[in-house]
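User: Could you walk me through this model? I'd like to go from the fold to the ligand, with the cut-offs spelled out.

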Amino acid sequence: MMKILVIHGPNLNLLGKREPEIYGSTTIDEINTLLKMEAQKLGTEIEFSQSNSEGEIVDRIQRAMGNIDGIVINPAAYTHTSVAIRDAIASTGIPTIEVHISNIYRREDFRKLSYVSGVAVGVISGLGVNSYLLGLIGLVTHLKK
Ligand code: DQA
């Protein structure tokens with residue numbers, strides 16, 4: 001069975017409490033439950049990981065080599081800073097979709113640059129929790145081709 005890894009970056013453990021006017025009131029556990037239900041519909045296995053630390057995210061991507069078919073990642077603030085996460089995705093060659101709850105293009109200028117987009121299969125930004133669900137559907141569709 002196809003196996004998908006979902007990676008949540010820094011501060012996403014605070015979802016639901018954190019700036020709800022931007023990120024909504026859904027918690028990370030609720031997002032993961034919705035993703036699990038969608039994965040069941042799609043007939044894929046799914047795993048979840050959250051870290052506030054850049055190195056741990058790089059390690060998680062490396063460990064996915066050989067046992068994970070695709071990654072849905074919200075790199076959060078590391079989106080805009082991390083060459084290391086970009087290189088980890090490129091180095092492992094694991095097909096990856098980048099997702100954001102908010103629309104990073106209608107916020108501060110520093111959010112308009114993503115280091116990850118250039119190595120992603122696709123990017124979904126601004127659709128709230130649905131960014132994750134659409135990212136998962138898009139990834140699985142891409143992998144089945
Ligand atoms: C985010 C957008 C980032 O700019 C921000 O640093 C986040 C969350 C989003 O999901 O909208 O932490 O990735």
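Analyst: Strand β1 is mostly covered, as 5 of its 6 residues are buried, where buried means under 20% relative accessible area, exposed means over 50% and partly exposed lies in between, with a 1.4 Å probe and protein chains only. Strands (E, at least two residues) and helices (H or I, at least four residues) are DSSP runs, numbered from the N terminus. This is a predicted model, in which local features need pLDDT of at least 70 and side-chain atom pairs count only at pLDDT 80 or more, while totals for chains, interfaces and linings use all residues. Residues are numbered from 1 along each chain as its sequence is written, and side-chain values use heavy atoms, with hydrogens and water left out.

User: In what order do the strands line up in the sheet?

Analyst: The open sheet has 5 strands in the order β2-β1-β3-β4-β5, with parallel pairing; two strands pair if DSSP finds at least two bridges between them. The edge strands, each pairing on one side only, are β2 (45–50) and β5 (122–125). From one strand to the next, the twist averages 20°, with axes taken as lines fitted to C-alpha atoms (for helices over the stretch in contact) and angles running from 0 to 180 degrees between N-to-C directions.

User: How many bridges join β1 to β2, and how many does β1 have with β3?

Analyst: β1 and β2 run parallel and are joined by 6 bridges, and Lys3 stands opposite Glu45 of β2. With β3 (residues 70–74), β1 (residues 3–8) pairs in the parallel sense over 5 bridges. On that side, Ile4 has Gly70 of β3 as its bridge partner, and Ile7 has Ile73 of β3.

User: Which strands does α3 touch?

Analyst: Helix α3 (residues 54–63) packs on the sheet and touches β1, β2 and β3, its direction making about 175° with that of β1; contact here means heavy atoms within 4.5 Å.

User: And which strands does α5 lie across?

Analyst: Helix α5 (residues 130–144) lies across β1, β2, β3, β4 (96–100) and β5, and it runs at about 160° to β3.

User: What about the phi of Asn11?

Analyst: Asn11 has a phi near 75°, which is a positive value in a residue other than glycine. Asn11 lies in the loop between β1 and α1, and it counts as partly exposed because its relative accessibility is 35%.

User: And the phi of Ala76?

Analyst: The phi of Ala76 is positive as well, at about 50°, although Ala76 is not a glycine. Ala76 sits in the loop between β3 and α4 and is buried, with a relative accessible area of 11%.

User: What does Thr79 touch?

Analyst: Thr79, found in the loop between β3 and α4, touches Glu98, His100, Leu113, Ser114, Tyr115 and Val116, not counting residues up to four places away in sequence. Thr79 is buried, since its relative accessible area is 0%.

User: Now the ligand. Which residues surround it?

Analyst: The ligand is surrounded by Arg18, Tyr23, Asn74, Ala76, Ala77, His80, His100, Ile101, Ser102, Ile104, Arg107 and Arg111, where a residue is near a molecule if one of its heavy atoms lies within 4 Å of it.

User: Which polar contacts can you list for it?

Analyst: Among them, an oxygen atom of the ligand is 2.7 Å from an N or O atom in the side chain of His80, a ligand oxygen atom is 2.8 Å from a polar backbone atom of Ile101, and a ligand oxygen atom is 2.8 Å from an N or O atom in the side chain of Arg111. A polar contact is a pair of N or O atoms within 3.5 Å.

User: How much of the ligand's accessible area does the protein cover?

Analyst: The protein covers 99% of the 320 Å² of accessible area that the ligand has on its own, with areas from the Shrake-Rupley method and a 1.4 Å probe.

Conventions: Polar contact = N/O pair within 3.5 Å; in protein donor to acceptor, adjacent residues only side chain to side chain.
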